[in-house]
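Subject: Handover of a structure

Dear colleague,

Please find the structure below, followed by a summary of what was found in it. I would be grateful if you could read the two side by side.

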Amino acid sequence: MKSRLNAILDALLPLFATLAALLVGAIMLIILDVNPLVAYGALLNGAFGSSNALAETLVKATPLLLVGLGICIAYRGNVINIGGEGQMIVGAIVATWFGLRYTNMPGWLMITLAMMLGALAGAVWGGIPGVLKAYFNVNEILSTVMMNAIAVQLLNFVLTGPMIDPIQSEKASQIPQTARLEEAYRLPRLVPTRLHLGALIAVGLAILVYFLLWRTTLGYRIRSVGQNKFASRYAGIKVERYIIIALMLSGALAGLAGVTQVYGVNFRMITDGSTSGFTGRAGYNGIVAALFGSLHPIITIPASILFGALLVGANTMQRVTQVPSALITALNGLVVVFVVSSEIWRKKRQQKRLTIAIEDQEFDEFSNEIPGHSVEEAS
Amino acid sequence: MTDLELNSGKKVRIESVTMQGITKRFPGVLANDRVDFDVKASEVHALLGENGAGKSTLMKILYGLYHQDSGEIYINDELVKINSPTDAINLGIGMIHQHFMLVPTLTVTENVALGLPSSRGPLTDLDRVSKRILELADLYGLRIDPNAYIWQLSVGQQQRVEIIKALYRGADLLILDEPTAVLTPQEVDELFGIMRQMVNDGFGLIFISHKLHEVIEISHRVTVLRNGKKVGTRPTSEVDKSELAKWMVGHAIDFITTTDQIQCGEVRLKLENVSCESDRGAKGLKDINLELCSGEILGLAGVSGNGQRDLAEVIVGLRKVSSGKIFLEDEDITGADVDVLIKKMLSYIPEERMRDGMIKDFTVAENLILREHDQPKYSDNGFLKLKSIENHAKELIKLFQIKTPSHKTMAKSLSGGNIQKIVLARELSRKPRTIIAAQPTRGLDIGAAEYVREQLIIQRNNGTAVLLISEDLDEIFALSDRIAVIYEGKIMGILSREDATKEKIGLLMAGVLPAEQA
């Protein structure tokens, strides 16, 4: 009974954390002389108020979900992938290059190939920190962040040089962007909004990731390595190999997120010199979405939608209330801080509960029953 | 009376300690239920009980580590409140923990002085401490060099340092928590000698153990706890081993031994001049030669940390050999991967089961296929066969009487004993041809331990080759067809059970070869 209550509390914890963050945000709004109720009303309206608003929310949620699914896999393998941004970028670069290089292919074929290539590129970008971690014990948090820096410089390079839009290269402005993909290559729209097929693909992949983690030997091994390396070695599992695989799968899903951004939303790549110019920070926000979703691929679906809504709604809020955009960034930051700390708190609490449970059991071992034993009364 | 001039004056000597109606409740369990216990000066009072009977809780209350929910403690018939170990020490109660609380890089003197105010204020008084240690050592035959570093000392010597620490702090009642668990038989004899000397000098000693013969040998009175309740207190001279065992578990126990002679079959496992490096701090293996036949239990005796773990890991593929060869059923398996050896039906019950043998956040069912998850029985082209995994789990839960709400329960929420059973069930149920069992009964209480021993004997009778690595000599003697002794990574000798005596084995465990014994 108590444990069930705890489970419900744990599941709702990210929601409470979000509300707490919004509460702190309300104080900031009051200081800025804005009625928080009006502001948050605009936020809600902007995220869910119309079919267009809802579609925008889902469009924003798609890369969050894809990156988030990768985070779920990485976390289960006890590796932390902060490299979603870089993996998205290289995935998008490779897929865009392919789409621009090979013209007049059937749309479905191009989209399939572009997605596979983008995922592969993301896997390589994630796999490098994986190899470094597995064989040289290089901290993957550090190496994935560094891979982000390399990816953004790569992006700036290819968009100002090899892959620049031929039209732009002739102009004086030289905006760093690629040419547009042909109409046939674009991901089909689902309803007459910007919502594209990528959203459905992401949901399908969420189910697939769930299946992978709990129904296949690959998932069994990733989880095993993530939980206990000693026992995994004892089970004959090659620990290094599965650390790399976990990071590669994580990178592949982020790479795919990059592909959907190009083939579903922008139809070209453009850079403002930073990572977030292309990714919209989805590589980071996807981590929060996954934590939001208790690192469970299925729960990460609503979590991504919730976070997508927050991003979209905040824009509306900014327009309506005229608060500085810095406040929106601060609000997002607050949510991240609160959710991540609530997760740490939850883990500590869980540990504590576990310790208590184990201490209890010290007095409960074997009680009176002795198995497989002849019982006879002593004379 | 001894002259404890450094610490006397602030308290009176303990003549008796009485614990009355001690009750301690932990969430969901009654650890101590109205327990009465008393100990007097000049006696050894043994406290006996299975794991989880409440011995440790009772003693932790006396030492101020826990606080009782109800009940009183009297010293010399005067009510006392013990809120912390500091209170206990000030009252003259000392505790020798099972795991020593010593700093390896400091000397004996420094360890004894650690945490105590110096008699010279801000300057150290190590010379005075050292002098006092020698005095105490002299009184009780605790031979020790005050200037030796802890890391240089054997386990038995470290234990003496712990005793000196307690004496130096003015203890006249000592709680000894399973003090013999880490000692060779000879060291046990020495410890008992020290204990007798102390009793003659008026000390009160509480001796916690689950080794019945030791309790009978050393104690004057014995109290048995079961499930947090006191079963009774009796003068030791009026009880015998089987009676005590019956008190502990609630009914009679047959002590299992292998009595029948079994012909050694073909050689299953063979080690030829195997050496290996070890982790920091532990010794590796040096030129190990060993043969293990089908249908025999080969017991490997030795004091903890003499290479037992390395030997097991080298055989099962978890540790690389630096030289030598290993053969499993005449096939060279030197350097083979763990998964290859699993498929050759080599089972391994690791020493640290909680760390190496199972995954806490996996379900019982998932843990039960840990080493065989990619066998056709449980997976098909990379997809887990959930139904057959579930059936397998249900079957083993029933067969090995694993107490769990269901096969889907997380292993971490099971009790320690039941977690052990998961490992045993998995390793024994797969019809292994060779078993490496490292400390298979450690941490289990009598009933469960006997069950495990019985399982090993059944395996042996079915023709399985069993290497039993154990620090419990009684267990080695009860089960083994042959006994090998390991010391500092070397095999000191292999004796048939008829030739083996505890004295011979004990000396080998201490590194003394037969030639030197003569």
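**Findings**

In chain A, residues 24 or more positions apart account for 76% of the contacts with a separation of 6 or more, a contact being heavy atoms within 4.5 Å. In chain B, 68% of the contacts between residues at least 6 apart in sequence join residues at least 24 apart.

This is a predicted model, in which local features need pLDDT of at least 70 and side-chain atom pairs count only at pLDDT 80 or more, while totals for chains, interfaces and linings use all residues. Residues are numbered from 1 along each chain as its sequence is written, chains are lettered from A and ligands numbered from 1 in the order in which they are written, and side-chain values use heavy atoms, with hydrogens and water left out.

**Chain A**

Chain A contains 15 helices and zero strands; helices (H or I, at least four residues) and strands (E, at least two) are DSSP runs, numbered from the N terminus. Along the principal axes, its C-alpha atoms fill a box of roughly 105 × 55 × 35 Å. Of its 379 residues, 53% count as buried, that is, under 20% relative accessible area with a 1.4 Å probe, protein chains only. Its accessible surface is about 17000 Å², with 66% belonging to carbon and sulfur atoms; the areas come from the Shrake-Rupley method with a 1.4 Å probe.

Helix H13 of chain A (residues 282-292) is mostly covered, 10 of its 11 residues being buried. Among them are Ile287(A), Val288(A), Leu291(A) and Phe292(A), and also Asn285(A). After H13(A) comes Ser294(A), which has a positive phi near 50°.

**Chain B**

Chain B has 18 helices and 22 strands. Its radius of gyration, taken over C-alpha atoms, is 25 Å, close to the 24 Å that the globule rule gives for 518 residues, so chain B is as compact as a globular protein of that length. The rule is 2.2 Å times the number of residues to the power 0.38. The C-alpha trace spans about 75 × 55 × 50 Å along its principal axes, and 57% of the residues of chain B count as buried. Chain B exposes about 21200 Å², 51% of it supplied by carbon and sulfur atoms.

**Cavities**

On a 1 Å grid over the protein atoms alone, a cavity is a set of points where a 1.4 Å probe fits but cannot get out. Five cavities of 30 Å³ or more were counted.

Yours sincerely

Conventions:
1 Å grid on protein atoms, 1.4 Å probe; cavity = no way out; pocket = protein on both sides within 12 Å on 5 of 7 lines; lining within 4 Å. Points joined across faces, edges and corners; volume = space filled by probe spheres on them. Buried < 20%, exposed > 50% of the residue type's maximum accessible area, 1.4 Å probe, protein only.
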